[in-house]
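Welcome! Below is a short tour of a fold, starting with its sheet and ending with a single side chain.

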Amino acid sequence: MSCCSSDGTCSTTATVAAPAAVTTVFTVSGMTCGHCEKTVGKAIGALDGVEAVQVDVKTGLVTVGSTAELDDETVRAAVDEAGYELTGRA
């Protein structure tokens, strides 16, 4: 039995989160391992409006999904505080 009706609506109360409104890719230097990945992800993920963070240590790219455009200096400060260097947008 399906929870979906014939008109395409769902009869459950569960909701699906909307995708982030803005996706920004930053370049971060100094990352070399899984610990670095977690540290940078946690630092950026704690910023207001950030909904998702994907860190690729091999390329140095950090993809951030947020509700609004992020201020580069705010992101830079969070990355610097974590011990890494934000070198810019990719």
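In this predicted model, four strands form an open sheet in the order β2-β3-β1-β4, and their pairing is antiparallel. The edges are held by β2 (50-56) and β4 (85-89); each has a single partner strand, so one side of each is left without a neighbour in the sheet. On average, neighbouring strands are turned by 30° against each other, with direction ignored.

The antiparallel strands β2 and β3 (residues 61-66) are joined by six bridges, and V53 stands opposite V64 in β3.

Two helices accompany the sheet. Helix α1 lies across β1 (22-29), β2 and β3, whereas α2 packs on the sheet by touching β1 and β4. Their directions are set out here:

| Helix | Residues | Strand for the angle | Angle |
|---|---|---|---|
| α1 | residues 34-45 | β2 | about 160° |
| α2 | residues 72-82 | β4 | about 155° |

Now for the side chain. Y84 sits in the loop between α2 and β4. Is Y84 buried or exposed? Its relative accessibility is 13%, and because the cut-off for buried is under 20%, Y84 counts as buried.

What does Y84 touch, leaving aside residues up to four places away in sequence? The contacts are V28, S29, G30, M31, H35, C36, T39, V40 and V79. One of these, V28, is 56 residues from Y84 in sequence, yet the C-alpha atoms of Y84 and V28 are 6.9 Å apart in space.

Technical notes
Residues are numbered from 1 along each chain as its sequence is written. This is a predicted model: local features need pLDDT of at least 70, side-chain atom pairs count only at pLDDT 80 or more; totals for chains, interfaces and linings use all residues. Side-chain values use heavy atoms; hydrogens and water are left out. Two strands pair if DSSP finds at least two bridges between them. Axes are lines fitted to C-alpha atoms, for helices over the stretch in contact, and angles run from 0 to 180 degrees between N-to-C directions. Contact means heavy atoms within 4.5 Å. Buried means under 20% relative accessible area, exposed over 50%, partly exposed in between (1.4 Å probe, protein chains only).
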